[in-house]
Structures are given as C-alpha cells and as structure tokens.
Amino acid sequence: MYDFGLVGLGVMGRNFILNVADNGFSAFGYDLDAEKVNSLKNEGGNLEQVDASTNIKTFVKNLKQPRKIMLLVPAGKVVDAVIESLLPHIDKGDIIIDGGNSFFTDTDRREATLQNRGINFFGAGVSGGAKGARKGPSIMPGGSKSAYEHIKPIFEAVSAKYNGEPCVAYLGPKSAGNYVKMVHNGIEYGLMQLTSEIYDVLRKGGDHDNDELHDIFASWNAGRLQSFLVEITSEIFKQEDTLVKGRLVDQILDKAKQKGTGKWTSQNAMDLGIPVPSIDVAVSMREISALKDERIKADALYDRPTVQHMEKAQLTDLSEKALYFSFIVTYAQGLHQLADASKEYGYQLDISVIAKIWRAGCIIRAGLLADITEAFKAEPALPNLLLSATFVDKIKDTVDAARKLVAFGATNGIPLPGLSNSLTYFDAYTSSKLPLNLIQAQRDYFGSHTYERLDREGIFHTEWEA
C-alpha cells in the first residue's frame, strides 16, 4: 500500500510525486494518459516506491487509509470532474488536496460539499514551478487542521528548506491556502512587471547591452535585491539563440500571457476595498502587451521624445534603489490584502508565517522576506509594511531614486507604470491630507451622497445650487 496518491502526471505532477518518493514516502500516480503513466514508471525506477495506473479503481485501491490524494490538474471544471470520478471509490475520512491555482470560492464550495460526505478537502497552493516541484516548492495548505496532521509529514519533507525550516505551514481553514497562493501570484505579477521596466530603462536610457545587463542583475542578486526573479533575469540575458545569431531575449515577442491569478488578486482587492495599484497595473500591462498590432499602428502615429541617455553608473544606481523601493511597496500591498482578507473570510492568517514559508522554493522568494517575517513577528497586527520601523529607513534611502527614475522615464517616453504606481501609492498612503474632500463635495453636489467634516462629528448634506 502506498502513502500518497497524485492525480495528474504532467510535468508538475510527475516531478512532485518523484519528490515525495525521494523523501522516503511511497507514492502512486493516476492519469488517463498511458504515456504519462509509463513515463513516471520509467523515471521512478523502483515500483515499490513509485507506481501509477490509468485505472482509477486500481489507483484508489493501492492507497493507505486515510487516503491522501493530491490533484495537480488545471483549475476549473477539471478539478470538479476529477473529484466526481474519485467519490465512488473513496471513504469517509479520506483527504483530497487540490494543488492547483483554483479560485478560492471554488475551494470553499468544494470543501463544504465534501464535508457533508465526510471527505476532507484541502486547497494547497504550490509555488516553484516544475523545478520547485521536483527539488522543493513552497506549499500553502488550508482546510481542516486535524486532517492536515496526516499530510504534514509528507509536505514538510518535500517542501523547500530555509536554514533547515520547511517552507510549508498550515495557514488556516477553508480556502486560506488557495487565497494565499492567489495573492502570492499577484505579488509575482507586480515584481515581474517592475523587473521588466528596469530592464527597459537600463536598455533605452543607458544603452546597456545584454552582457552588461547580466552583470548588473547578477550583482544585484548578490545584494539586498537577492531574489529568484532577479537571479533568473540575470541568466536570461546570457542565453544564446539557437535559431539566429544573438541572444534569445531579443527575439522573444513582447506579448505576455496570463492564467488569471493576477487578475483575481486585483479584482478581489477591489471587492475588499484594498489598494494594490502595483499589482493592478501589472495585470493591465499584460493586457496592453497583447495589443501588439494596435501598438505598432499607434507607434507610427505619434512622435516620441528622443531619449537622452544617462551616465551608466548613475542610471544603474538609481535603478537598483528604485527596484528595491518598489519591491517593498508591492509586498506591502499584497500583505495588506492578505491581512484584510483574513478578517473578512475568517482565515486567521499569520502574516509572519506566510512570509516565512515564502523565503525559499517559491517564485517570489527574496532576501527581503526575512526582514518581512521579522517585522510581522514583532508586530503581528501591523496593518501595512510601510508602518514597520524595520522598513522606514529602507524606504527613506530609496524613495528619492524612485522619483528621479520615474521622472526620467516620463521625460524620455519610457513607460514605467509599475514604478509610477508604486511611487504614487507610497505618496498617497503617506499623505495625511488628500484632495478627496473635493470628490465628496462633488458627490454630495450631484447625488446628495453627504459628507463628513473635519471640525465636528456627524453626517452632512448641502444644497449646493444657488
């Protein structure tokens, strides 16, 4: 009998199940595709440790009770279809774990339905891509706390480790795990957009070539910007094209696709009334990038400023500081959303624990997360990272560079929406007085929506027209 079952033997599923086996647990896989089943058997080698089948009855029959069955299949109707196919064969007390990027309300619905049948259901976000699944991802589980005890030994064994600590933790009830993974992906969108903008401004504003860009990002990865995304960015600039002479990055079409998790983060933040403009604009930029044909036509219609190059060392210094500033601001927005969602949905999230399990394995892992972990350990109820004493000096040291770089981009026609939105968010959040009093006056003028006053309590309305 096998310790762990996995449905969906694509690249992620195959790598995850082999990771389970490497860490001393026997694992049995299931997929309708016989080629994928045979591929796992061949790669797994020892069938006492890893086996697989295309027959769902054989799959379920080979698992120890309570059965621990993880799904790594596309989000949406496929998850529901797999669950339906499992139900005739599993028993009360068994555990189904959705390891995909399911929308959190779908997880709540599935958990409630399965709970009525005595089946435990978990939403467990898995971050780290195919390599992370094989060597150690960050895992974000949510669901029944008692049921998690059956999964915990396996997840702690297969997860990434940071200074020996597993990058997995029980996060909360219901869809807490999928929700945290959704916001993780929203932050990921923001950080990727910011990194691409810095690449653009260094290339256009400093005339840096790919070798120089590699060296710059590699040096940043050795400093306070140490992160998975900065690391892989440095490596991308070295990759030669196998089809034409030159570097591959220069031949990749500038149309970024998306699977929806960034959009979900942005939409849900609006539902909660939480500002996440760095994430919002990252989603919008992917949508603008898709309009390639229109962008080409528009480019021919309008003049652009002639870029006035900045001295390379100065531009590099400003870019490092601006990127560090905007990384902090993007994390601050995402963590603010998590804190408010926890109250709204009853997740009981511990932000310091979330930051801790993101320190290794996941796509947004970064040196910054060690400081973020400590900030929320010191102040568990901290409403926003920008209010943490740990980060005040870091922001003060870098915000002027962000201002200069945003101004440089505007003057030279280099779009820097992620940087601009990060700076605008910071300026608005740190302003004790905003011009929204005028908006309230306008709303009361045309719609009798009332307003509050600075000098006295109460709700007021004025007949504005003479």
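Start with the centres of domain 1 and domain 2: taken over C-alpha atoms, they are 32 Å apart. The model on screen is a predicted one.

**Colour by domain**

Select 4–174 for domain 1, 181–429 for domain 2 and 435–466 for domain 3. With the whole chain shown as a cartoon, there are 19 helices and nine strands to find. The C-alpha trace spans about 75 × 65 × 45 Å along its principal axes. The radius of gyration of the chain is 25 Å, which agrees with the value near 23 Å that a compact globule of 466 residues would have.

**The contact of domain 1 with domain 2**

Now show the residues where these two domains meet: 27 residues come from domain 1 and 23 residues from domain 2. About 1900 Å² is buried between domain 1 and domain 2, and carbon and sulfur atoms give 65% of that area. Select Phe-104, Tyr-162 and Leu-171 next. Of the area that domain 1 buries against domain 2, these residues supply 28%, more than any other three residues.

Turn to the polar side of this contact. Between domain 1 and domain 2 the count is two salt bridges, and six residue pairs are in polar contact, both residues being at pLDDT 80 or more. Staying with domain 1, select α5 (104–115), β6 (120–127), β7 (138–142), β8 (161–162) and β9 (165–166); each of these elements supplies at least two residues of the side that touches domain 2. The residues of that side of domain 1 divide into 14 nonpolar, nine polar and four charged.

Show the side chains of Arg-359 and Glu-165. They meet in a salt bridge, at 3.2 Å from N to O.

One to select is the pair Arg-134 and Asp-22, where the closest N and O atoms are 2.5 Å apart. Arg-134 lies in helix α6 (residues 129–135) and Asp-22 in helix α1 (residues 11–22), so this pair ties together parts that are 112 residues apart in sequence.

**Two backbone stops**

Go to Pro-66, in the loop between α3 (56–61) and β4 (68–71). Which peptide bond is cis here, with omega near -10 degrees? The bond in question runs from Gln-65 to Pro-66.

End at Lys-174, in the loop between β9 and α8 (176–206). Phi of Lys-174 is near 55 degrees, a positive value in a residue other than glycine.

Methods: Residues are numbered from 1 along each chain as its sequence is written. This is a predicted model: local features need pLDDT of at least 70, side-chain atom pairs count only at pLDDT 80 or more; totals for chains, interfaces and linings use all residues. Side-chain values use heavy atoms; hydrogens and water are left out. Domain bounds come from an automatic or database domain assignment. Contact means heavy atoms within 4.5 Å. Buried area is the accessible area (1.4 Å probe) that two parts lose on being put together, summed over both. A salt bridge is a side-chain nitrogen of Lys or Arg within 4 Å of a carboxyl oxygen of Asp or Glu. A polar contact is a pair of N or O atoms within 3.5 Å; within protein, one must be able to donate a hydrogen and the other to accept it, and residues adjacent in sequence count only if both atoms are side-chain atoms. Helices (H or I, at least four residues) and strands (E, at least two) are DSSP runs, numbered from the N terminus. Ala, Val, Leu, Ile, Met, Phe, Trp, Tyr, Cys and Pro count as nonpolar, Asp, Glu, Lys and Arg as charged, and the others, Gly among them, as polar. The radius of gyration is taken over C-alpha atoms; the globule rule is 2.2 Å times the number of residues to the power 0.38.
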